[in-house]
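Hi everyone, thanks for coming.

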Amino acid sequence: MSTIVSAPGKVLAAGGYLVLDQQYPGVVISTSSRFYTVIQASLGSANQIVVRSPQFNQAEWRYTVTYNAAGIQVNPQEDSIGGKNKFVHLALQHTLNLVSEIHSVARVQERLFNGLDIAAVGDNDFYSQRAQLESLGLPRTTESLSRITPFCHNGVKLTDVHKTGMGSSAALITSLVSALLLHFSAITETDFANLEGDGRRLAHNAAQFVHCLAQGKVGSGFDVSSAVFGSQIYRRFGPAVLDPLMKGEFAAGTLKSVLNSSAWDYSFRPIQLPPLTRLVLADVEAGSDTPSLVGKVLKWRGHEDSCETAKDLWTQIDESNQSLARQLDALSQSYVQNKYVYEETIRQLASLPAQEWESISKAFYDLHQTTQRIRNLMRRMGDLAGVEIEPEQQTHLLDKSIQQAGVVGGGVPGAGGYDAIWLLICSPPGLSDEQQPLRQVESVWSTFDESNVTPLLAQESVAKGARVVQLDEIPGLKEAIQRQ
């Protein structure tokens with residue numbers, strides 16, 4: 001018996017920094033690039049769990065499960081070639097204990113009679129593919145990326161990989177925790193398939209807890225929420241709900257009661273990008289230390305000399321973020337009302353830069369203006385806090401990209417910095433390949449001389465968040481997990 005769950009990566013398009021405060025929602029887009037956890041009963045020893053990440057060197061972790069009065073203990077084996085993996089270890093430890101509280105310790109023992117083999121792999125977009133493209137002599141384009149083997153081997157240890165900032169740890173934890181809950185029948189597949197189902201909510205809460213524990217702090221949780229529920233307007237949960245678990249209070253039944261508690265007060269409302277537009281992401285060759293950026297902004301926000309200025313600025317940013325969400329909804333609605341007119345409009349917009357759109361589509365022109373206003377306000381916050389939220393190099397790259405015909409807008413995702421940019425571009429049917437706005441954007445990126453810019457294959461995910469899949473459904477997955 002095997003269980004496979006995939007969970008998407010994310011882009012926080014609006015709400016960086018603000019989403020840490022429950023007062024302010026964020027706009028999160030889940031991506032077509034996904035993490036997959038494949039759980040199979042092995043023919044190994046009872047109570048042995050092997051977790052493999054076949055895309056990396058020396059990435060195998062072995063655990064022995066023991067049972068005592070304090071509950072279930074998942075013990076890393078000294079001979080694991082992958083060293084320690086806090087994320088995987090905590091996911092196993094707490095999810096198995098949650099299963100035992102929902103069912104019994106006997107249920108866990110029964111399912112571990114032959115041990116488990118768990119393979120975890122992520123789509124190529126989670127990791128920089130610049131080295132792969134160079135070794136193949138290919139230009140940095142989406143077409144080139146589509147020629148790389150799915151789930152390709154990265155040729156390095158997990159600790160040395162260059163990530164692209166799409167939320168690999170949240171997607172991994174979400175897929176692993178959800179797959180374990182399903183494999184041990186702690187939740188049903190039917191309930192998990194329902195966005196409003198209790199099983200999906202339990203998987204979400206458990207994944208949030210494990211992710212917070214592994215990171216050593218209670219974050220906003222937008223990355224796990226979008227991995228579970230898909231693209232959304234997200235408002236975070238109050239961190240107090242996790243206090244007992246973060247303090248290590250694991251009396252009998254505590255996990256189940258905390259993770260099922262009505263005190264989880266996050267909210268999410270599903271959204272989608274306007275039809276016939278496309279999310280485009282770029283991996284930029286430079287990195288940022290997100291925790292230090294966040295720390296500096298929060299220090300500035302809380303300082304007595306700047307707190308009034310910060311409050312006013314956050315109010316302006318929040319109004320723009322919420323305006324963005326309303327505009328996305330309205331455009332999706334206008335497509336439903338008249339597909340022919342909408343499609344014709346997109347076709348016209350694709351041949352003109354956004355500043356010339358007002359007479360053709362006020363709605364799309366306003367959306368462009370809103371994305372630009374958010375960028376300006378976020379840059380202002382960065383200047384005031386002494387943080388490079390949109391560094392000058394990124395400003396140049398974004399300005400050049402957004403000047404191209406058919407580009408709605410864009411920005412630096414999440415906390416900003418040098419890692420990545422996102423764009424929303426028109427993608428009308430029936431245009432020749434060279435006329436598509438994507439090709440103009442790729443041309444700008446390939447000749448940009450201030451940094452190396454590589455597109456990602458990811459678009460917005462059409463599937464809503466985490467889902468159960470079959471091995472043969474996903475090209476290359478069977479081959480990837482068979483690699484030794």
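Let's start with helix α16: what covers its buried residues? The cover includes α4 (142-145), β9 (277-284), α15 (392-402), β10, β11 and β12 (453-455). Here a contact means heavy atoms within 4.5 Å, and buried means under 20% relative accessible area, with exposed over 50% and partly exposed in between, using a 1.4 Å probe on protein chains only. Helices are DSSP runs of H or I with at least four residues, strands are runs of E with at least two, and both are numbered from the N terminus.

A word on the source: this is a predicted model, in which local features need pLDDT of at least 70 and side-chain atom pairs count only at pLDDT 80 or more, while totals for chains, interfaces and linings use all residues. Residues are numbered from 1 along each chain as its sequence is written, and side-chain values use heavy atoms, leaving out hydrogens and water.

Back to α16, residues 437-447: Pro-437, Leu-438, Val-441, Glu-442, Val-444 and Trp-445 are buried. Why do they sit on the same side of α16? Because they cover an arc of only 160° around the axis, taking the directions from the helix axis to the C-beta atoms.

On a 1 Å grid over the protein atoms alone, a cavity is a set of points where a 1.4 Å probe fits but cannot get out; a pocket is an open set with protein on both sides within 12 Å along at least five of seven lines; and lining residues have an atom within 4 Å of a point. Grid points are joined across faces, edges and corners, and the volume is the space filled by probe spheres set on the points.

We have two cavities of 30 Å³ or more. The largest holds about 180 Å³, and of its 18 lining residues, Ala-13, Ile-374, Met-378, Gly-411 and Val-412 are the closest to the centre. Helix α14 gives the largest share of that lining, four residues.

The second largest cavity has a volume of about 70 Å³. Its lining includes Ala-13, Leu-324, Leu-328 and Trp-422, and β2 (26-41), α12 and β11 (420-426) are the elements giving two or more residues to it.

Finally, the second largest pocket holds about 510 Å³. Among its 24 lining residues, the closest to the centre are Trp-61, Asn-85, Leu-158, Thr-159 and Lys-163. Helices α1 (86-102) and α5 (168-183) each supply at least two lining residues.
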